[in-house]
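Subject: Structure handover

Hello,

Here is the structure you are taking over. Please open it beside this email and follow along residue by residue.

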Amino acid sequence: MTVVLVHGVPETADVWAPFVEELARLGEADVVALSPPGFGAPVPDGFDATMDAYRGWLVGELEGIGEPVDLFGHDWGGGHVLNVAMTRPDLIRTWVSDVLGVFDADYVWHDMAQQWQTPEVGEAVVAGLGQMPVADRVAFLDAAGMAVEVAERVAPGIDEAMGRCILRLYRSAAQPIVADHAAEHLERAAARPGLALVPTEDTYVGTVEQRRRAAGRAGAAVAVLDRLGHWWMTQDPSGTARVAVDFWREHR
């Protein structure tokens, strides 16, 4: 079975490197790491980088694979995964996401997201990030919790195109848009086996209670990643790869 990984913001597919190595060690060699437009891949002409546009992009990529996959997303990649699970379950065999709390009715976007969603403020923030020397971007990601050896691979890919896509994506998902979307569709994700990853130290994607509540609505199992943060796959690639593999094999 093909495993498809989708990363988030502000990242490139390099964020998965240690995790993919561990998956291979555990026998999962058929792994595809997709790069959303603007996040390590070119932005096609006319692509507006909204939440719905990224869902459409991912649907197209999965249709091209031609068989149901084990779909696995982190950060906004996890949002794209869940949006596909809610609307095109025929394209997936299982799904995993670490951002279910974002789809809870009580979720409030984190401080950085609210800056990105604010006109002029967001433009200034992403411009500053893109203009940072690469070493400073590495330090920024490291301070936020990404393993430094991974940050050194991700940081060079943060550019102006990524910044523009960040603004469009987050502004398309300002509350109550995501909550309203989930209210209408979240239960549909239960059409395929799902797993909600809950890193206990991740402060970006809602409280543990919000993540558990949304997982219940989506019919998903819950795996608590104790003492891990937002970039759990760089902090403990071995342990988290085992969690993923155990889930997939349970449903094969």
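What follows is a list of what was found, taken topic by topic.

Please keep in mind that this is a predicted model.

**Helix α12**

Helix α12 covers residues 237-250, which is 14 residues. From the first C-alpha to the last it reaches 20 Å, close to the 20 Å expected at 1.5 Å a residue. Which residues of α12 are buried? They are Pro-237, Thr-240, Ala-241, Ala-244, Val-245, Phe-247 and Trp-248. These residues cover an arc of only 160° around the axis, so they sit on the same side of α12.

**Salt bridges**

Side chains of opposite charge can pair when their charged atoms come close. The count for this model is 16 salt bridges. Three of them are described here.

Glu-28 and Arg-252 form a salt bridge through their side chains, at 2.8 Å from N to O. This pair links distant parts of the chain, 224 residues apart. Glu-28 is in the loop between α1 (17-25) and β2 (31-34), while Arg-252 is in the segment after α12. Are the two partners buried or exposed? Glu-28 has a relative accessible area of 5%, so it is buried. Arg-252 is at 42% relative accessibility and therefore counts as partly exposed.

Asp-70 makes a salt bridge with Arg-93, and their closest N and O atoms are 2.7 Å apart. Asp-70 belongs to strand β3 (residues 69-73) and Arg-93 to strand β4 (residues 92-97), so the pair ties together parts that are 23 residues apart in sequence. Asp-70 is buried, with a relative accessible area of 0%. Arg-93 has a relative accessible area of 15%; because buried means under 20%, Arg-93 is buried too.

Arg-213 has a relative accessible area of 33% and is partly exposed. Glu-209, at 55% relative accessibility, counts as exposed.

Some salt bridges also share partners. Through these, Glu-28, Asp-70, Arg-93, Arg-249 and Arg-252 are joined into one network.

**Pocket and cavities**

Rolling a probe the size of a water molecule over the atoms shows where empty space is left.

The largest pocket has a volume of about 240 Å³. It is lined by 15 residues, and those closest to its centre are His-110, Met-112, Trp-116, Phe-140 and Tyr-204. Helices α4 (111-116) and α6 (134-144) each supply at least two residues of this lining. By class, the lining of the pocket has 10 nonpolar, 3 polar and 2 charged residues.

How many cavities of 30 Å³ or more does a search of the whole structure find? The search finds 3. The largest cavity holds about 100 Å³ of space. Among the residues that line the largest cavity are Asp-75, Trp-76, Tyr-107, Trp-109, His-110, Tyr-204 and His-230. The lining of the largest cavity divides into 8 nonpolar, 3 polar and 1 charged.

**Backbone details**

One runs from Val-9 to Pro-10, with omega near -15°. Pro-10 is in the loop between β1 (3-6) and α1. Another joins Gln-175 and Pro-176, with omega about 10°. Pro-176 is in the loop between α8 (160-172) and α9 (177-185).

Next come residues with a positive phi. Ala-49 has a phi of about 60°, although it is not a glycine. Ala-49 is placed in the loop between β2 and α2 (51-65), and it is buried, with a relative accessible area of 0%. Asp-75, also a residue other than glycine, has a phi near 55°. Asp-75 is in the loop between β3 and α3 (76-87).

Regards

Methods: Residues are numbered from 1 along each chain as its sequence is written. This is a predicted model: local features need pLDDT of at least 70, side-chain atom pairs count only at pLDDT 80 or more; totals for chains, interfaces and linings use all residues. Side-chain values use heavy atoms; hydrogens and water are left out. Helices (H or I, at least four residues) and strands (E, at least two) are DSSP runs, numbered from the N terminus. The expected span of a helix is 1.5 Å times one less than its number of residues. Buried means under 20% relative accessible area, exposed over 50%, partly exposed in between (1.4 Å probe, protein chains only). The arc is that of the directions from the helix axis to the C-beta atoms. A salt bridge is a side-chain nitrogen of Lys or Arg within 4 Å of a carboxyl oxygen of Asp or Glu. On a 1 Å grid over the protein atoms alone, a cavity is a set of points where a 1.4 Å probe fits but cannot get out, and a pocket is an open set with protein on both sides within 12 Å along at least five of seven lines; lining residues have an atom within 4 Å of a point. Grid points are joined across faces, edges and corners, and a volume is the space filled by probe spheres set on the points. Ala, Val, Leu, Ile, Met, Phe, Trp, Tyr, Cys and Pro count as nonpolar, Asp, Glu, Lys and Arg as charged, and the others, Gly among them, as polar.
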